[in-house]
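Reader: I would like to go through this model with you, one topic at a time. Shall we begin with the strands?

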Amino acid sequence: NITSVGNYAFRDCPNIEEFYAPDLTVDEEFRFPEEVLPATATLKRVTIGAMPFGFLFSATADVSKVHLDSITFTNGMCGGLLGWNSYILADEITISDDITSLECGFGDIGNVDLKNIEYIGSRVFENCKNLTAIDLSKVKYIGSEAFSGCVNLESVIFGDDLTIDREAFSGCTKLKQIEFKANTKVGRCAFNGCTSLEKLSIGSGSQLDDTAFNYYSDDNISFKEVYLSDGVTANLTYKELQNVTEFYLGNVDENDYFAFGGLGKNTENGAHVTIGKNVETVKNNWFQNIDETNKLPNDFDMPNYKRDGFDKVKISALDFENGSQLKTIEPCAFARLGIKGSVVLPDTVESVGAYAFGDNALLRSVSGGSKNLKIKYAAVVGTNVALEEENGVFYYNNEAVKVQKGLTDLTLRSGSEFA
């Protein structure tokens with residue numbers, strides 16, 4: 001039950017082997033007693049309360065002599081192993097269940113069980129070269145540079161409702177995959193310099209800063225798999241997407257124009273794209289560079305319209321998740337993307353815009369859609385698609401119209417809609 005110690009309390013006790021003070025805490029003004037412990041090699045076991053352990057030594061002491069076998073943090077705030085001038089070494093670290101925040105650093109430690117920790121302050125695990133894996137599933141806030149420079153960190157588990165501050169994991173060069181759970185907020189340069197990253201999964205409702213992964217010009221983060229859940233706000237860069245081979249697109253929030261530019265561009269066969277079941281509209285700016293100053297022209301000019309977005313995205317195959325609610329594919333949405341083989345539209349699709357699949361030379365068939373499907377002019381111009389009766393009958397005003405390759409004349413009764 002001892003909660004405080006005075007200045008120099010054990011300074012002249014060089015043979016202390018164990019210091020057990022589970023209820024020790026700081027005073028109301030957060031002041032530390034002076035030179036409580038001697039910095040000796042004999043001290044091996046420590047149990048400490050809400051008092052930063054490293055500050056119990058003299059500010060001028062050589063704490064490099066202190067190498068603990070074990071330290072247990074109890075009773076509130078965990079002060080870590082930070083001393084006045086350097087870190088204390090400890091082979092084994094135990095954090096009690098009642099501790100929910102880490103405010104100070106641990107130096108170059110190995111893996112540690114964070115148990116019920118919810119708050120990790122700035123630089124707490126900075127440059128921990130022995131840290132290879134960590135479970136952060138209960139953590140709600142990770143401070144700036146908290147894990148910066150952990151060059152051997154390979155595995156991180158995140159939880160829901162998490163905020164990751166700036167440069168929190170910068171320079172973690174062995175980290176290969178990240179899975180953000182629901183409602184994660186990621187700050188500026190949070191994963192800057194994580195050059196081994198290959199797989200990115202972003203949970204629903206999450207928000208990523210535009211510079212979360214690549215900020216400096218010499219960074220080289222380029223994912224191979226990207227999964228964006230519903231409600232995600234994330235404007236991934238051309239560089240980050242150019243080597244992607246698997247891409248899942250949920251019902252994301254409104255993104256900047258040319259939101260997924262560069263997707264699959266540097267791959268041999270392009271990206272396999274799956275449109276999530278909750279997407280109702282495929283926007284024309286998602287894979288094409290279309291903005292307010294580069295508006296869509298008249299439908300009939302579409303095949304001759306040139307835009308920067310064309311040829312900067314490569315899609316090998318296009319699928320739609322089971323249970324799709326897709327209704328609209330906007331003009332140019334999938335034009336000139338290198339789509340191969342067949343595309344089967346969900347039976348919920350009611351509208352396909354002009355040039356939506358235009359100039360995909362290896363596209364062989366487009367089928368499916370609802371019975372009220374309306375196809376705009378030149379939706380499949382520049383492809384090898386022959387829309388035949390069994391898999392290519394489209395409807396205008398609920399009347400079937402069979403469109404065949406090489407068709408030169410078409411007569412419609414008065415009142416029919418044919419854009």
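Reader: How many bridges join strand E22 to E24, and in which sense do they run?

Author: Strand E22, residues 351-352, is joined to E24 by 2 bridges, and the two run parallel. Strands here are DSSP runs of E with at least two residues, helices are runs of H or I with at least four residues, and both are numbered from the N terminus. Two strands count as paired if DSSP finds at least two bridges between them.

Reader: Which residue stands opposite Val352?

Author: Ile375 in E24 stands opposite Val352.

Reader: And what is the order of strands in the sheet that holds E22?

Author: The order is E18-E20-E22-E24, an open sheet of 4 strands with parallel pairing. Its edge strands are E18 (281-282) and E24 (374-375), each of which pairs on one side only.

Reader: Before we go further, what kind of model is this?

Author: It is a predicted model, in which local features need pLDDT of at least 70, side-chain atom pairs count only at pLDDT 80 or more, and totals for chains, interfaces and linings use all residues. Residues are numbered from 1 along each chain as its sequence is written, and side-chain values use heavy atoms, with hydrogens and water left out.

Reader: What is the average pLDDT?

Author: The chain averages 83, and 82% of the residues score at least 70. The pLDDT is the predictor's confidence in each residue, on a scale from 0 to 100.

Reader: Where is the pLDDT below 50?

Author: That applies over residues 387-400. Beyond near neighbours in sequence, this stretch has 38 contacts in the model, a contact being heavy atoms within 4.5 Å.

Reader: Now the whole chain, please. How many helices and strands are there?

Author: The secondary structure comes to 1 helix and 26 strands. Of the contacts between residues at least 6 apart in sequence, 42% join residues at least 24 apart.

Reader: What share of the residues is buried?

Author: Buried residues make up 47% of the 419 residues in the chain. Buried means under 20% relative accessible area, exposed means over 50%, and partly exposed lies in between, with a 1.4 Å probe and protein chains only. The chain exposes about 19200 Å², of which carbon and sulfur atoms supply 44%.

Reader: Let us turn to the sheet that starts with E1. What is the strand order there?

Author: The order is E1-E2-E3-E4, and these 4 strands form an open sheet with parallel pairing. Strand E1 (18-25) and strand E4 (89-95) are the edge strands, each pairing on one side only. From one strand to the next, the twist averages 20 degrees.

Reader: How many bridges does E3 have to E4, and how many does E2 have to E3?

Author: Strand E3, residues 67-73, is joined to E4 by 6 bridges. Strand E2, residues 45-50, pairs with E3 over 4 bridges, also in the parallel sense.

Reader: Which residues are the partners of Thr72?

Author: In E4, the bridge partner of Thr72 is Thr94, and in E2 Thr47 stands opposite Thr72. His67 has Leu89 in E4 as its bridge partner.

Reader: Which residues have a positive phi although they are not glycine?

Author: Asn127, with a phi of about 60 degrees, and Asp359, with about 55 degrees, are among them. Most residues other than glycine have a negative phi.

Reader: Where does each one lie?

Author: Asn127 is in the loop between strand E6 (119-120) and strand E7 (133-136), and Asn127 is partly exposed at 39% relative accessibility. Asp359 lies in the loop between E22 and strand E23 (363-368), where Asp359 is partly exposed at 28%.

Reader: Is Tyr355 buried or exposed?

Author: Tyr355 is buried, with a relative accessible area of 0%, and is found in the loop between E22 and E23. Tyr355 and Ala379 are 24 residues apart in sequence, while their C-alpha atoms are 4.0 Å apart in space.

How values were computed:
Areas by Shrake-Rupley, 256 points an atom, 1.4 Å probe, with all protein chains shown as cover. Axes fitted to C-alpha atoms, helices over the stretch in contact; angles between N-to-C directions.
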